[in-house]
Amino acid sequence: MSLLGIDREGSSSDSSGSAGSTFTSRPVQTTISGRAPAPRWASPWWLLFLGLAIAEVVALGVREHRVPTETDWAGAADYVRSQLAAQDAITVAPGWADPLLRLYLGDRMTAKISGRSDLAAFERLWVLSIRGANAPDAPKRAPNFSQTFGRVRVERFDLGPSKVLVDLVDAIHDARVTRRIEGIDDPCILRTFPPSVLQGGLGGGIVAPRQRFQCDFERHWLWVGQTLIESLDLSPRRCVWSHPQGADPISITYPDIPLGTRIVLYGGLDYHDERDREKGPVTLRVLLNEREIGSFVHRDGDGMARYEIDLRRELGAAQPGATLPQRGDLKLEVSAAEPYRRSFCWAGSTQSGVRKEAP
Amino acid sequence: MSVVTTPVHLGLRDHLVGATLALVYLIILLATASDLAMSRDESFYVTAAESYGQWYAEVFEDSEKAFSRESIDRYWAYNNEHPALAKTVFAWTWLLDQRGWPSFREALGMDPAPLFPTPSSAYRFGGMLAGSLTLWLIYIFGARAADRRLGLFAALAYATLPRVFYHAHLDAFDVPIVLMVLWVTYAYWRSLVSKRWAIVTGIAYGCALATKHNAWLVPGVLLVHFAWVAGQEVARRKRGERERIVLVPYWLLAMVTIGPLLFYASWPWIWHDTVPRFLAYARFHLHHDYYNMAYFGVNYFRPPFPLSYPYVMTLFTVPFTIVLLMVFGIALRLRALMPELLAKRLMPRGELRADARATDVLWLGSALLPLLVFAMPNTPIFGGTKHWFTAYPFLCLFAGYAALHVIVSTESRLISRGLAEAGPVSILSMAVLLAPGFAETAHSHRFALSHYTLAAGGVPGAADYGMNRQFWGFTTGSVVEFLKQKMPNGGSVFLNDTTWGAFEMLKRDGLLPPNIRAEGRLTEADYVLVHHEHHMAEVDFQAWQAFGSVQPVHVLTYDGVPIVSIYEHPRRRRMSQVPAR
């Protein structure tokens, strides 16, 4: 501690009963606050604090200077806009800059892009990044294109042709929706409703889409349709709202759709309903031509969990020569023994295979 | 030897220095207050102040009626989870602004204009005054206990803590309670050698109790400290040394008598049904709701909360130079923080001894207790740093010790080489050490709750870490110009985290035209505000769904980090696309 001079200091104010300290061994200098001896501890190390203070002020200026300008963002956005194709996704790094991405490119972004569960439906990924950040869902390799616009870097990753055959969220209006009542599957009718009036705000719930399968007019939440939830990690997820009614399932059937080799599903609950981790599980059963090919139990805390069904394995077609059905009726059943605040929402697709990158 | 040059006597000159500090700070606060829209909590205290103010007006008009239970319950029921002193001051300044001062001017034949430039500053004046008086007291405490320059440095360091500067503008309790706790501690410290200061301690403690519930913790620190000091004193007397400390705890007697009396007298709400109403107040704080707070990417909304929270947040929001000075200051005083026997054993070569009042121990205890309380896993952390502001004056006083070492070290090195006069060197050194605080505070103004300092990498660095971006919704004040520009003929706004009262204050202050109104239903508003906090993300998504677009029309940023997004209703978009005739 000699640097600090602690072990060489004298007594402080009233340790000797009177104010001030006595110094006898060294010559005394006059300073602004009175007399002070030339201190033994007066080390140049103390001057580091002055350097630090100056550096801190300079660092503040540097931080301000490094903020990307509107021109930087607009330049990057203009370039991406000029190159954008139908199956391109756009993201930003770090994630907190997402409002800025949407400010400059939001006219070319949809909930399908912003609320995506994965990149399977997309063939290219554009990344706008600042501060040298990398997008977590970008492939871990060099981009196919990279250019900087001031302090904004634009990268493009070519992901290859999408293997998605049917996006089950996109296709929801082609589905049949039923709810089981006393053993009978009662159809939920697809209707177009007037625009919802939503209180909104914190815990204000989700916005019901105008077109939705309303299963019960008395229970306003018992509907099936496209929406966007705040998932457990607070990210947006575009999905099919399928709030269970109880142990009897709500069923969504896609008749005669292309199947491919696998079905990828994501399921989770609205943040507020899942974060307490205290309510019951939700079961998602998947049936192909009325035969169960998968059953998943979502528990609070799982977040937007990924479920994958390998159709070759499930249909016993793993043997050489065996063939998979090209098409079929795909049914999803959602149920929960305790349905209170089980705002289950799922997304998914049938896919023709596994893409090397961004599967 | 010591770096400190403790003045023998503090006099008028010192109080003039303290008063000047306070006055300058008050002027700066008043001049910058209109840049800050009201926060959520402030708007509640405005409502409370108006209600309590009406009661005080009734006291003058019809005192019998005013003191009836019916009247007290009517005016004092609102916001009865907090004691009344601060809100009473807000009420008085509001009454002065709206009634007293205009009447006075009228009596002089002048037009009956209000005292304050805006209604919000009338409510806020009491808070600003408390923030300013705190500087005075820090200076006096530092100068009396150690060194004038130490006191000056500590006061200025405290004044230029970015978040303190923001909160010092507000009609809230977080800055007034700092003044009160500091006053109690100072008065107690003086009472150790002067019996009459025990009375002041009791009065100060009553005011602290009547300001905010932090006050209930203060006796804990004082009792432990007194046990320490008394133990040392007894040992000294046994060794035949002269008396230095008053061993009878008159201060405690005053605190337990005058304190509760003042608390009771200042709060008409508890004049009736005293026990149940007091218990309800206690229950509110002992079982406080938990609100959301982001910390390293996790949205904490219930216990257990992270133990590191107050320490890391202090590191991330106080200028780094000051943080290091605080740490070094404590290290410098380490020997004085130990009982004498322990100090001799652990640091035998050291000469630094605790003073009879163990001032260092008192300061350290007062600094650590608030931090320790908010490091407990069950203590709500929703208030960010403001809940442990009471620690900061003491930490700044310790920083003063290290700053003195820097200053005297610089002086002695330069003077011994004949390079400079002591005065300018001393001032320049202090100015350099305080420069980060001044710069960060100036930069943080309007966005102080979003501001992070060097250790966090600034605002973008904190965003990278996933730290809380803001709270209380006061940044709506920074989008007023956009709203005015977009709605020249009026319209509606969904306010998200801003309260209706805070929004209305923008109109009362003349910052927002009356035809721009708050809309409670998100889907019906012309414009939707989203205050970016982790848990507010759902409001973004609601707006996307409601308006069929993920694109905001405006994003307010601070150092490049989004603070507020604004979405436009499609009908408004269509209106703006219709060519004007």
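**Note on the predicted model: salt bridges, a sheet and confidence**

1. B:Asp526 is buried, with a relative accessible area of 7%. This is a predicted model. B:Asp526 forms a salt bridge with B:Arg572, and the closest N and O atoms are 3.0 Å apart. B:Asp526 sits in the loop between strand E4 (516-518) and strand E5 (527-531) of chain B, while B:Arg572 belongs to helix H24 (residues 570-577) of chain B, so the pair ties together parts that are 46 residues apart in sequence. B:Arg572 is buried too, at a relative accessible area of 9%.

2. A second salt bridge lies in chain A. A:Glu290 pairs with A:Lys331, the closest N and O atoms being 3.2 Å apart. The loop between strand E16 (282-288) and E17 of chain A holds A:Glu290, and strand E19 (residues 327-335) of chain A holds A:Lys331, so this pair ties together parts that are 41 residues apart in sequence. Buried or exposed: which describes A:Glu290? A:Glu290 counts as exposed, at 56% relative accessibility. A:Lys331 is buried, with a relative accessible area of 9%.

3. B:Asp540 pairs with A:Arg102, and the closest N and O atoms are 3.9 Å apart. B:Asp540 is in helix H23 (residues 537-547) of chain B, and A:Arg102 is in helix H3 (residues 98-105) of chain A. B:Asp540 is buried at a relative accessible area of 5%. A:Arg102 is buried at 2%.

4. Over all chains, a search of the whole structure finds 58 salt bridges. Side chains of opposite charge can pair when their charged atoms come close.

5. Now the sheet in chain A. Six strands form an open sheet in the order E9-E8-E14-E19-E16-E17, with antiparallel pairing. Strands E9 (184-187) and E17 (291-298) of chain A stand at the edges with a single partner strand each, so one side of each has no neighbour in the sheet. On average, neighbouring strands of this sheet are turned by 25° against each other, direction ignored.

6. Strand E8 (residues 176-181) of chain A runs antiparallel to E9(A), and four bridges join the two. A:Thr178 stands opposite A:Pro187 in E9(A).

7. Confidence in chain A deserves a check. Its average pLDDT is 89, and 88% of the residues score at least 70. Residues 1-38 of chain A stay under 50, and the model has 110 contacts beyond four places in sequence for them. Where pLDDT is low, the predicted coordinates should not be read in detail.

Methods: Residues numbered from 1 in each chain as written. Chains lettered and ligands numbered in written order. Predicted model: local features only at pLDDT ≥ 70, side-chain atom pairs only at ≥ 80, totals over all residues. Heavy atoms only, no water. Pairing = 2+ DSSP bridges. Axes fitted to C-alpha atoms, helices over the stretch in contact; angles between N-to-C directions. pLDDT = per-residue confidence, 0-100. Contact = heavy atoms within 4.5 Å. Salt bridge = Lys/Arg side-chain N within 4 Å of Asp/Glu carboxyl O. Buried < 20%, exposed > 50% of the residue type's maximum accessible area, 1.4 Å probe, protein only.
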